[in-house]
Structure formats: structure tokens, C-alpha cells
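Subject: Structure handover

Hello,

Here is the structure we spoke about, ready for you to open. My notes on what was found follow below it.

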Amino acid sequence: MALRVSLVFLVAAALAAQQPYSIEKEAAIGAALARDVRQSTTVIDSLAVLDYVRRIGGRLAAQLSSSPSYTFSAIADDRGGPTHEPLSLPGGYIFVSSRLILTARNDAEFAGMLAHAMAHMAERHWSRQATQGEVANAASIPVIFMGGWISMGEGEESLVPMAFRSAQRKLEAEADVLAVKMISGAGYDPEAFVRYLGRTQRAESRESRITGIENSIRDLPARSYSAGSMDEFARVQDELRRAIR
């Protein structure tokens, strides 16, 4: 609840000021929100799990010409909707839920979702969304802004203005395009991103999103991809199951 109140307050304040956040201000806001997340979730302290997340995150970050300094954490809680998208906060704070790692079937599927969350931060979507004037009366909207996803309670979707949802879809598509480039550049098959979303994305938004991702994949130069280590991925999943018992 503290995170929800903090984010709604910050969005409302940004709209009132109508001034983009500086990178330094984003980092300070992100640090404060990250503290809220750590206090309101169960942090996973398994070194094996953290090393795995950070290693893949590092490979993805290396594909960006400029990006925030990412800080990766793993949490037992799931705030990422049906796709279990990592919680991404200003300043490069990324919180990966245990459900994402356990739902993914291999490195490439996990990398796809992690890249998408990282892309939101690289493109500064939080600051851009928070300072857009078309979102009116933001303080009345019971949402948590997680990168590009809106996390809402049951029955709350009708309270979100259409303009806000339209802007969100645009940022989602932008993050998907960059994520595809990051996934491929890091050596993972971007089609795994499509397969994961095909299993987990809600039907009402799945087709248009997957079509956009497939179009981005077709624009990539031809290359072969490594299958990754299924043995290592299985070990990380087993370690995670032990950590959250």
C-alpha cells in the first residue's frame, strides 16, 4: 500500500509541475520507491538466484548504448500481472518475481521479460508517463506504475482514463521493440519472448502485442542463437523453490 500511495502522489505532483524529471531526480525517486518495495515484499537472498539474474541482466544491459546503472533484486512476491513482468522503478531498480523464473522455460524466455522491463528504464518511460498532460486527475487513479504495465485491483480498470491506457500501450510497444534488439544482441532467441507471452498474456491484448514483436524480429539481421544451459536454468529454479519454501 505504501508503494501505491507514493507512486500516485509522485505522478500527481509531476503533472502539476509539468516538468520532466532530471536523471538525478529519477534516481532519488527510484531509491525511495525501492526501499518501499523491499519493506513490503519478501526479498530472496539466495546468491545463486541473484547471480543468475544479474548475469543475464548484465548481458542485456551491454546491448544498450546508454542506460541507467541497473540494480537487480529477486522477490517472492508477484506484482507483474499474468506475465509476471519484473517491477521496474526509476533509476534502474529491477525487482524480479520468483513466479517469472518458475514460469519461464529457459534462459531466453526469462531474458525476454527481463529485457522488456529494462527497456522501460532505458527509455525513461516512468518519467515520460508521469509528466504527460493527457493523464488528468491522476491522484484518483488506484494504480501502480510498473515500467509500462498498470497493476490494478479487481474492478478498478474502469477508473483508468482511456487516454492513459492508450499512452501505456504506446510505451509497451516501444519497450518491446528495444527488448527484441537487446535479446538478440545478447545471443538469446527473441522468438522465446513470443512463446512466453503466448502462454501468459491475456487474450484481449495478446494478438496485437505479439504481432508487433514478430514485426520487430523480422527486421533483425539473420543470426543463430545459443540454446543456453537447460541444466543451469533447472538448478536455478530448484534453488529458488528451496528459497521460497
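The largest nonpolar core has 58 residues. Leu-60, Ile-94, Phe-110, Leu-114 and Met-118 touch the most other members. Helix 5, residues 107-122, gives the largest share of this core, with 10 residues. Please keep in mind that this is a predicted model. As general background, nonpolar side chains in soluble globular proteins tend to be buried together.

Leaving out residues up to four places away in sequence, Ile-94 touches Tyr-70, Thr-71, Phe-72 and Ser-73, among others. Its contacts also include Pro-86, Leu-87 and Ser-88. Leu-114, Ala-117, Met-118 and Met-121 are on the list too.

Next, the second largest pocket. Its volume is about 210 Å³. The lining consists of 13 residues, and the closest to the pocket centre are Ile-23, Ser-67, Pro-68, Met-121 and Arg-124. Helix 2 (23-40) and helix 5 each supply at least two lining residues. Helix 2 gives the most, with three. By type, the lining divides into six nonpolar, five polar and two charged residues.

Last, Ser-208. This residue lies in helix 9, residues 203-218. Is Ser-208 buried or exposed? Its relative accessible area is 58%. Exposed means over 50%, so Ser-208 counts as exposed. Ala-173 is 35 residues away from Ser-208 along the chain, yet their C-alpha atoms are separated by 9.6 Å.

Best wishes

Key:
Residues are numbered from 1 along each chain as its sequence is written. This is a predicted model: local features need pLDDT of at least 70, side-chain atom pairs count only at pLDDT 80 or more; totals for chains, interfaces and linings use all residues. Side-chain values use heavy atoms; hydrogens and water are left out. A nonpolar core is a set of buried Ala, Val, Leu, Ile, Met, Phe, Trp, Tyr and Cys residues joined through side-chain atoms within 4.5 Å. Buried means under 20% relative accessible area, exposed over 50%, partly exposed in between (1.4 Å probe, protein chains only). Helices (H or I, at least four residues) and strands (E, at least two) are DSSP runs, numbered from the N terminus. Contact means heavy atoms within 4.5 Å. On a 1 Å grid over the protein atoms alone, a cavity is a set of points where a 1.4 Å probe fits but cannot get out, and a pocket is an open set with protein on both sides within 12 Å along at least five of seven lines; lining residues have an atom within 4 Å of a point. Grid points are joined across faces, edges and corners, and a volume is the space filled by probe spheres set on the points. Ala, Val, Leu, Ile, Met, Phe, Trp, Tyr, Cys and Pro count as nonpolar, Asp, Glu, Lys and Arg as charged, and the others, Gly among them, as polar.
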